[in-house]
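Here is a short briefing to read alongside the model. Have a look at the structure first, and then follow the notes below.

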Amino acid sequence: MGTETDWVYRVDEPHGSQGWHPYGDHPGRWRGTITSDDPAENAQYAAALVVCDLMTEWDRRGSHDVKHVRVLVWEGREGSDADAVFTVEIQPEIHGE
């Protein structure tokens, strides 16, 4: 009925002074589209699905594999980083003595 929304996402990781680059050895795995027909399933919801997928992968590998990443979400199609509707950054815990 025309109520579907495509949430396009990409996961990036920092590369020092070079800025952000696509995450992982297979960047296509962390770039895609989530289609929703429920208005409650917004950009934050789409990002949460991606973060859950990341956490599942990291848990499978062991908690020491948590990476510093960000998830960007756009409505409809990918744009510039600044045009993302929602961005969330995940950083591993750092324990100081």
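R10 and D12 are both buried, where buried means under 20% relative accessible area, exposed over 50%, and partly exposed in between (1.4 Å probe, protein chains only). The two residues form a salt bridge, with their closest N and O atoms 2.9 Å apart; the term stands for a side-chain nitrogen of Lys or Arg within 4 Å of a carboxyl oxygen of Asp or Glu. Please keep in mind that this is a predicted model, in which local features need pLDDT of at least 70 and side-chain atom pairs count only at pLDDT 80 or more, while totals for chains, interfaces and linings use all residues. Residues are numbered from 1 along each chain as its sequence is written, and side-chain values use heavy atoms, with hydrogens and water left out.

**Salt bridges**

- The whole structure holds 8 salt bridges.
- A network of these bridges links R10, D12, R31, R70, E78 and D81.
- R31 pairs with E78 in a salt bridge whose closest N and O atoms are 2.8 Å apart. Because R31 lies in strand β3 (residues 31–36) and E78 in the loop between β4 and β5 (86–90), this pair ties together parts that are 47 residues apart in sequence.
- D81 forms a salt bridge with R70, and here the closest N and O atoms are 2.5 Å apart. D81 sits in the loop between β4 and β5 and R70 in strand β4, so the pair connects parts that are 11 residues apart in sequence.
- D81 counts as partly exposed at 36% relative accessibility, whereas R70, at 11%, counts as buried.

**Overall fold**

- The protein has 1 helix and 5 strands, taken as DSSP runs numbered from the N terminus (helices: H or I, at least four residues; strands: E, at least two).
- From the N terminus on, these elements run β-β-β-α-β-β.
- The C-alpha trace spans about 55 × 30 × 25 Å along its principal axes.
- Of the 97 residues in the protein, 31% are buried.
- Among contacts (heavy atoms within 4.5 Å) with a separation of 6 or more, 58% are between residues 24 or more positions apart.

**Charge and surface**

- E4, D6, D37, D38 and E75 gather in a patch of negative charge on the surface. For a patch like this, residues need over 30% relative accessible area and no salt bridge, and like charges are joined within 9 Å.
- E75, one of the patch residues, belongs to strand β4 (residues 69–75) and counts as exposed at 51% relative accessibility.
- The accessible surface comes to about 6500 Å², and 48% of that belongs to carbon and sulfur atoms; areas come from the Shrake-Rupley method with a 1.4 Å probe.

**Two further residues**

- E57 is found in helix α1 (residues 43–61) and counts as buried at 12% relative accessibility. Leaving aside neighbours within four places in sequence, E57 is in contact with R29 and W30.
- H15 has its place in the loop between β1 (5–14) and β2 (20–22), and at 35% relative accessibility H15 counts as partly exposed.
- The C-alpha atoms of H15 and V50 are separated by 21 Å, the two residues being 35 residues apart along the chain.

Key: Patch = residues over 30% accessible without salt bridge, like charges linked within 9 Å, V, L, I, M, F, W, Y side chains within 5 Å. Lys, Arg positive; Asp, Glu negative; His and termini not counted. Charge placed at Lys NZ, Arg CZ, Asp CG, Glu CD.
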